[in-house]
Amino acid sequence: MVRWLLAWLDDRLGAASFSRRALRKAFPDHWSFMLGEIALYCFLILVLTGTFLTFFFVASGREVVYQGPYEPLRGTSVSAAYESVLRLSFEVRAGLVMRQLHHWAAVVMLAAVVAHVLRVFFTGAFRRPREINWIVGVSLLLLAMGAGFTGYSLPDDLLSGTGLRIAYSVLLSIPLVGTWAAFLVFGGEFPTGEMIGRLHVLHIMIIPVLIAGALAVHLGLVWHQKHTQFPAPGRTERNVVGSPLWPTYMFKGAGLAFVVFGVLAAMGGLLQVNPVWLYGPFDPSVVSSPAQPDWYLGWLEGALRLFPAWDVDLFGHLIPELFWPGVVLPGVFFGTMVLWPWIERRVTGDGTEHHLIDRPRDAPVRSGIGAAVLSFAVILTLAGSNDVLGPFLGIAVEDVTVALRALVLVVPPVLGYLTYRVCRSLAEGGHPPRSVWLRRTRSGGFEEVEP
């Protein structure tokens, strides 16, 4: 009966021939191509742990009196959301492990997505015909940041409340539509009783669905357009050299998935993250200090701290100081990222298809620009911790801010130029690569060949 059913389906759908072709599809073996898979496995862990947390989290700003086992807060008026997070942490079995596993998975997922985007950029894997997939990848980065921020804000503790206050102020700074945008997101003047519920809907429904859809499109495009690969003997623009999907690549991917889950589980059980009971419940009249967001939003926090207090009156409309670092800078940055494939094509005049990718040394200008932007983001991230760096170094916070303002203007162009010179020198053959590839001989052995 089973044999007859499979034969019937194959006769109508051609499933067997498709399966044979799919299982023989080749994937390159380079380690950097696994960065995207790490992000995918982190997303799966986030869905599983998030489902567990949803059963116990109360997305409400309703005021309650905490009567749980954590004695320093017993008898304190807190929100129902904050009380449910404390209950998750101290009363629900495995609740704290799940909370920390969920948080660490989000942090690692963002790191994997950023590393994957950097790999694609520095190797030129965004060029024709992969411009659409590049846009999908940038969208995934933005969605992951949005998911991280909304989840970070749900516990309604003092630290996350400070971050929400900043986000509300940035939205208000947008000319003409700022008040409407802030009302749409927060449901009124900050703080509101509706903002936890709205953030909860964004975090567990809208953003995950968008991420899942973008991942499906991303993987579908990779499958259809075939994977990029580094140049090597036997590799051309028309083929892909690597392991077949079954069994080699699938077992390799499964092994990596178990490693990612094991490492994150160990981090969730052994490394404390986001101890909301130490921060205390959110109080609009109090601001926590020192206070930093998760690393993936540190650059934006640093931009807000470094940018001068420039208020501009334009055509009768006041443009507050927060608008420039909070709206213009991210808009220019991500807008340039989205348009970069066309910007590079316009400058270089290269509109041909590319399935073989570059080493960073092969594109000195692109590598120099990437190094400059990366150093700019790193310095902004450090600026987001100026209130930690100051006491740690024994220097006034104001002096740290002045020094970082100078560094953010000087270091990126200098580092970008040095990277350009080094890559150009390497590309001209002054320092040939030391690595070699192995090529199978007719006798069944292997021989070394230069890349």
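In this predicted model, Ser 173 sits in the loop between α7 (158-172) and α8 (178-186); helices are DSSP runs of H or I with at least four residues, numbered from the N terminus. The structure is a predicted model, in which local features need pLDDT of at least 70 and side-chain atom pairs count only at pLDDT 80 or more, while totals for chains, interfaces and linings use all residues. Residues are numbered from 1 along each chain as its sequence is written, and side-chain values use heavy atoms, with hydrogens and water left out.

Ser 173 is buried, with a relative accessible area of 2%; buried means under 20%, exposed over 50% and partly exposed in between, using a 1.4 Å probe and protein chains only. Its side chain reaches the backbone oxygen of Val 170 at 2.6 Å. Leaving aside residues up to four places away in sequence, Ser 173 touches Pro 320, Leu 322, Phe 323 and Val 327, where contact means heavy atoms within 4.5 Å.

Side chains of opposite charge can pair when their charged atoms come close. A salt bridge is a side-chain nitrogen of Lys or Arg within 4 Å of a carboxyl oxygen of Asp or Glu, and by this rule the count comes to ten. One of them joins Asp 358 to Arg 127, with the closest N and O atoms 3.3 Å apart. Asp 358 lies in the loop between α13 and α14 (364-383) and Arg 127 in the loop between α5 (95-123) and α6 (131-153), so this pair ties together parts that are 231 residues apart in sequence. Both Asp 358 and Arg 127 are buried.

Glu 344 and Arg 366 also meet through their side chains in a salt bridge, at 2.8 Å from N to O. This pair links distant parts of the chain, with Glu 344 in helix α13 and Arg 366 in helix α14, 22 residues apart. Asp 358 and Arg 366 form another salt bridge, at 3.3 Å from N to O. The relative accessibility of Arg 366 is 5%, so this residue counts as buried, and Asp 358 is buried at 16%. Together, Arg 127, Glu 344, Asp 358 and Arg 366 are linked in a network of salt bridges.

Turning to cysteines, a search of the whole structure finds zero disulfides, a disulfide being a pair of cysteine sulfur atoms within 2.5 Å. Cys 42 is buried, with a relative accessible area of 0%, and Cys 423 counts as buried at 8%.

Definitions and conventions. Helix = DSSP H or I, 4+ residues; strand = E, 2+ residues; numbered from the N terminus. Polar contact = N/O pair within 3.5 Å; in protein donor to acceptor, adjacent residues only side chain to side chain.
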